[in-house]
Amino acid sequence: MSWAKRFITSNVGLKVLMAVTGMLLVAFVIGHMLGNLQIFLGAEALDGYAELLRTSMELLWAVRLTLLAAVLIHIYAATVLTLRSWDARPVPYEQKTWLGESYAVRTMKWGGVILFLFIIYHLLHLTVGVQGISPEGFEHCTAAGGGELRCHAYANVVAGFQHWYVVLFYVVAQVMLGFHLAHGAWSMFRTLGLNNPRYDRIARGFALTVGTVVSVVNCIIPLSVLIGIVK
Ligand code: HEM
C-alpha cells in the first residue's frame, strides 16, 4: 500500500480529509449567505447575482462538481470514522470537552444527516424546479436575447417561503447547520494542529461566531419572507 493510501485510510488521514473538505464547505456556506443577503437590496440585486454566477457555465459546473466531491468525501470520512469508533467501543462513554462533547458529537452525526436531507430538499426546492416541491410559478434562468440571461431567484425565494412548514424546516436545518459549523470548525482547527491553548480561545471564538452568524442570517431570510418584510 502506498503511503498516500495508508494515510487517507488512517484515522488521522480521514480527519484531515474531513477538515479540508469542511473548510471548502464552510467557505461556500459563507459565500452563499453573503450572496443571499442581497435579497434585502431587492429583486434586481439578487437576480443580478444569480446571473453573474452563470457568466461561465464551465466554471459554475467546476464549482458544483468540486462541492459535490467535497460533500461526498466529508460524509464518507465521517461514516468510516463513526463505524470505527463504534467497533472500538461498542458501549459509548461520556466525553467531556467543549459544548458538552457527547451532546455536540450526537448533534454532529444526526445534524449531518438532517443537513444532507436539507441540501437535497433545498436543491429540488430552489434550484432544480420540481413540481410539488418548488413553489408554484418557479422559473429557471431564461435567455433574454443577445447572450443575456434573465434569472428569477428573487421571485422564486419569495414564492418558496410562503408556507410556515417550509420555513420551519429551513429554520430547523439552519439551527443544525449552526451547531455543525461551530463544532466542526473547532474540530478542524484541532485536526490541523491549532490545539495549542494559546490559539484555542481564538479557534472557539471563530467557530462559535461563524456557526451563530450563518445560522441566524439563514433563518432571517425565510422568516423575513414569511412575515412580509421581503415581498
Ligand atoms: C435560508 C437560507 C438559504 C437561501 C435563501 C438559499 C437560497 C438559494 C437559492 C435562491 C438558490 C438558487 C440560486 C440560483 O439558481 O441562482 C440556492 C442554491 C443552492 N443552495 Fe441555497 N439557500 C440557503 C441556504 C443554503 C444552505 C445552508 C446550503 C448548504 C448547506 C445551500 C446550498 C445551496 C446549493 C448547493 C445551491 C446550488 C447552487 C448551484 O446552482 O450550483 N443553501 N440557494
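This is a short walk through one predicted model, from the whole chain down to a few residues.

Okay, some ground rules. Numbering starts at 1 along each chain as its sequence is written, and side-chain values use heavy atoms, with hydrogens and water left out. Since we have a predicted model, local features need pLDDT of at least 70 and side-chain atom pairs count only at pLDDT 80 or more, while totals for chains, interfaces and linings use all residues.

So, the overall picture. The chain has 8 helices and 2 strands; those are DSSP runs, at least four residues of H or I for a helix and at least two of E for a strand, numbered from the N terminus. From that end, the order is α-α-α-α-α-β-β-α-α-α. The C-alpha trace spans about 60 × 40 × 35 Å along its principal axes. Of the 231 residues, 34% count as buried, meaning under 20% relative accessible area, with exposed being over 50% and partly exposed in between (1.4 Å probe, protein chains only).

Now the iron. Which residues coordinate the iron atom of the ligand? His32 and His122, each through NE2, at 1.9 to 2.1 Å. Donors here are N, O and S atoms within 2.8 Å of the metal (3.2 Å for Na, K and Ca), and water is not among the atoms, so sites may look incomplete. His32 sits in helix H2 (residues 11-36) and His122 in helix H5 (residues 101-128), so the pair ties together parts 90 residues apart in sequence. The 6 donor atoms subtend angles of 88 to 179°, which makes the arrangement octahedral: opposite donors over 155 degrees apart, all others between 65 and 115.

Are those two histidines buried or partly exposed? His32 is partly exposed, at 29% relative accessibility, whereas His122 is buried at 18%.

Last stop, the strands. E1 (residues 142-145) and E2 (residues 148-150) pair in the antiparallel sense over 3 bridges, where pairing takes at least two DSSP bridges. Ala143 stands opposite Leu149 in E2. The hairpin has 2 residues between the strands, and Gly146 takes a positive phi near 65° there.

How values were computed
Four donors count as tetrahedral if all angles lie between 85 and 135 degrees; four count as square planar and six as octahedral if opposite donors are over 155 degrees apart and all others between 65 and 115; anything else is irregular.
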